[in-house]
Amino acid sequence: EKGSFIWPGFGENSRVLKWVCERLGRNPTGHSVMTPIGQVPTIDSIDISGLEDEFNVSSMSRLLTVDPKEWLAEISGVREYYKQFGKRLPAALVEELDSLEKRLGSVDVVPTNNQALISWVQEMRDMCKPAHVRWATGTDEEYAELCELMVKGGTFIRLNEKKRPNSFLCRSDPADVARVEKQTFICTTDKDDAGPTNNWADPVEMKKKLIGLFKGCMEGRTMYVIPFCMGPLNSPYSKFGVEITDSAYVVVNMKIMCRIGTKVLRLIDEKTPFLKCLHSVGKPVAPGAKDVPWPCNPDNRWIVHFPEEPSVWSFGSGYGGNALLGKKCYALRIASTMARKEGWLAEHCLILGLTSPEGKEYYIVAAFPSACGKTNLAMLVPSVPGWKVRCVGDDIAWMHVGEDGRLYAINPESGFFGVAPGTSNKSNLSAMQTLEKNSIFTNVALTPDGDVWWEGMTKTAPEGLIDWTGQPWTPDCGRKAAHPNARYTTPASQCPVIDPKWENPKGVPICAILFGGRRPNLVPLVTEAFSWKHGVFMGSIIGSQLTAAAEGTVGAVRRDPFAMLPFCGYNMADYFGHWVNFREKLGYLAPKIFYTNWFQADAEGRFIWPGFGENSRVLKWVCERVDGTGKARPTPLGYLPTVDALDTDGIDTTPAEMAHLLSVDTEGWLKEIPEVCKYYHQFGERLPEILLHNLDELEGRLRGSATTVALTQSGALLSWVESMKEFLAPDAVHWCNGSDAEYSFFCDKLVQQGTFVRLAAAKHPNSFVAQSNPNDAVWHSKEVFVCSKNQEEVGPLNNWEDPNKMKEKIASLFEASMKGRTMYVVPFCLGPIDCKLSKVGIQITDSLYAVLGLRSTTRMGSQVLHVLAKDQPFVQCVHSVGVPLASGQCDVPWPCDPQKRIMAQFNDTAELWSYGSMYAANSVMSKSCFALRLGS
């Protein structure tokens with residue numbers, strides 16, 4: 001476009017000469033693709049390694065693309081050139097020119113050497129019997145040609161060029177307006193592999209049925225062959241497919257929604273797997289008959305997936321979700337089965353990027369059912385000053401574990417296929433700006449001046465509307481001007497808040513996962529999971545009101561786990577298990593999991609939370625929790641924000657309303673549990689036991705039977721803590737979460753107890769002086785023992801004791817030593833949490849001073865438990881001040897037992913025990929005890 005040469009030339013031309021040499025001989029090794037003008041290199045056959053970053057696969061694709069229209073224009077010039085030679089011009093040259101013109105003008109030309117692909121296309125052609133076959137090139141010229149074809153056929157209405165440049169309105173058949181979940185099938189050899197939430201059919205019987213339907217179904221129509229790529233062309237995580245369809249509507253929508261055409265076809269060689277997708281509207285055109293604007297066969301619709309092949313067959317519907325087979329059919333249903341086999345995740349998630357005022361970037365994925373604010377959140381305009389939001393994708397995320405152990409996500413799509421009603425400058429300004437040009441609108445209303453309108457776009461409707469069925473519309477006619485599931489298709493690249501990294505081939509690093517639904521009550525505004533597995537449990541029980549995007553009663557509540565109920569291509573119980581086990585693939589920076597609900601309503605049905613841009617306030621808290629700075633309180637459901645944790649400056653929500661949004665409806669949740677049990681029951685033995693365990697724990701917490709919230713699923717840790725509880729006999733157990741709120745609470749408690757004196761806030765904010773017992777002010781090396789079976793291993797510089805004898809001594813000292821006190825369980829990490837060289841320990845102590853010492857000097861709390869794998873070893877540290885309290889006895893500011901002070905290190909079992917001292921080096925066992933003595 002700027003007039004610069006695309007190919008670098010000079011010495012780089014040797015790369016082309018190398019391919020030329022590879023094409024020589026009887027058995028050429030250089031790969032090529034057959035085109036109307038001759039054999040052209042495949043993209044991967046010319047070595048472009050080492051060229052400048054600006055030169056990539058897309059550049060190469062452009063250089064190797066054959067544009068038939070440009071060549072046809074060239075031919076007329078060649079004919080004029082040939083005229084000057086008169087009769088002396090060899091006839092063979094004219095014949096070759098005529099042959100070239102014929103090849104360029106033929107819609108049946110096969111532009112690939114991939115024999116597997118050619119054979120499949122020919123097989124489908126023989127079955128469907130189209131009048132013509134056309135391989136989609138994906139060019140803008142082709143798009144314009146097909147759109148004009150549909151304008152002439154009555155399928156498209158060209159919108160006002162000044163108001164909506166290069167945009168069109170389309171009206172579907174009123175019987176073909178949404179996904180048909182009842183006619184969507186997963187065909188596997190074993191019915192249980194499809195699971196109870198999918199419609200199943202025997203693959204052999206279903207294939208017979210479909211072949212009967214597809215025979216001759218494209219008579220009188222053009223068969224379009226669409227090579228497509230889900231994901232950036234240069235991403236190792238992208239997947240290929242080829243859709244055969246008899247719908248020009250599908251071709252133009254696929255061009256917007258994914259990468260299609262010649263540039264993709266060049267990447268699909270004999271060794272490249274691709275998904276075979278076959279689609280027909282199911283309405284052949286008899287000779288001489290006139291076609292209808294929206295052909296479909298609503299009484300005979302079938303959307304069928306064969307994950308074991310894999311392939312997708314769709315018949316009878318032209319609606320996007322049923323006909324654009326790269327979207328839900330491939331990117332979710334088939335991809336979810338691929339992801340399970342290959343060790344990644346294919347999810348119904350938006351991807352967004354946030355940037356704090358300090359410039360720190362966060363990337364979040366969020367799984368919401370359709371029409372639950374997913375697109376609005378993806379393109380959010382934040383109301384919190386200084387924060388920026390950028391959109392990576394609005395609907396689907398493919399997530400893989402990167403080399404650094406973090407979760408990375410790509411958007412496999414290149415466009416937005418969003419619900420139009422409710423979209424406005426207020427709800428989603430970025431979407432409205434994206435839709436200003438180059439867009440397709442399906443089933444919305446038409447204004448007298450050639451623009452579009454739908455409910456929610458403006459407060460009042462324009463006069464003189466034509467509704468989505470083509471009838472004149474007035475506000476009092478009793479009909480919707482736009483169908484509730486009316487859609488827009490628009491390029492993602494036009495989005496004003498598209499993230500600069502949205503096509504990064506490696507994806508973007510995910511730090512948080514949000515699950516959510518549309519519930520008028522019960523579910524708080526935002527909840528953080530205690531752990532990964534607890535988060536999976538939360539995702540598995542999502543309930544949401546039914547929307548217009550799916551069949552059924554609008555407003556009814558159904559379980560929609562992970563927002564994947566209509567889109568999981570295999571047994572949902574196995575899907576839960578894949579999520580549970582996926583944690584093992586992740587490193588220390590596994591994303592935190594949250595559960596959100598923007599839709600709580602008051603008694604009059606009014607939404608309490610303002611939503612839209614104000615949701616950025618919740619996202620800000622999520623980012624703060626990722627950083628470990630956000631305030632939260634443990635509840636039976638998980639961590640909820642404290643009353644002052646969310647930034648509510650500038651919104652009208654009252655303190656009472658905020659309290660309601662962040663409250664736990666105990667009775668409501670206790671009623672919900674039997675419903676979850678009933679839902680889980682359908683999965684039988686395939687349901688992961690950990691989900692039932694989480695459900696039991698939730699009920700216990702709700703009923704108040706749990707004295708503490710255990711924030712881990714590590715059986716070894718839970719067993720050890722339970723044994724220490726019985727041995728030390730504390731009155732209560734507290735699992736430390738390491739939050740700022742917890743730190744402040746403990747400091748206040750020590751001030752009240754007399755252990756701490758708060759310093760002047762103006763000189764030393766949030767700081768304290770601790771006054772110890774005069775007899776407990778230093779570290780006593782004479783009371784430190786290293787216990788090993790072999791005394792020589794301990795050496796002459798350490799105090800040695802036989803392990804068995806020391807264990808007997810410890811048992812006598814520690815038994816019931818915490819009576820009358822609280823036993824604090826403190827997970828801590830020595831070294832950065834995301835470092836493989838770091839070590840994890842768990843300290844049990846009855847000293848708040850020790851807890852705060854660990855908080856200040858290590859990474860501690862739930863952030864450590866969050867990364868502690870099921871079987872990961874940890875160092876066991878037990879500390880007691882050695883002063884049990886009798887019933888009603890008042891504590892002293894600095895409890896200790898200097899006469900019985902002892903510290904023991906067991907090298908063989910990686911244990912540390914400290915008794916009788918509260919002095920830092922003796923009670924904060926992560927320091928000298930672990931980091932040096934045991935660490936060495």
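Okay, let's start with helix H12, residues 326–342: a straight helix of 17 residues would span 24 Å at 1.5 Å a residue, but H12 covers only 19 Å between its end C-alpha atoms. That expected span is 1.5 Å times one less than the number of residues, and helices here are DSSP runs of H or I, at least four residues, with strands being E runs of at least two, numbered from the N terminus.

Quick caveat: this is a predicted model, where local features need pLDDT of at least 70, side-chain atom pairs count only at pLDDT 80 or more, and totals for chains, interfaces and linings use all residues. Residues are numbered from 1 along each chain as its sequence is written, and side-chain values use heavy atoms, leaving out hydrogens and water.

So where is the kink in H12 centred? On Ala 335, at about 45°, with the bend taken as the angle between axes fitted to the seven residues ending there and the seven starting there. Just after H12, Gly 343 has a positive phi of about 85°.

Now, the loops. Asn 443 sits between strands S21 (440–442) and S22 (445–446), with phi near 65°, positive in a non-glycine; Asn 443 counts as buried at 4% relative accessibility. Ala 563, in the loop between strand S31 (557–559) and helix H16 (572–582), isn't a glycine either, yet has a positive phi of about 60°. Ala 563 is buried too, at 1%.

Key:
Buried means under 20% relative accessible area, exposed over 50%, partly exposed in between (1.4 Å probe, protein chains only).
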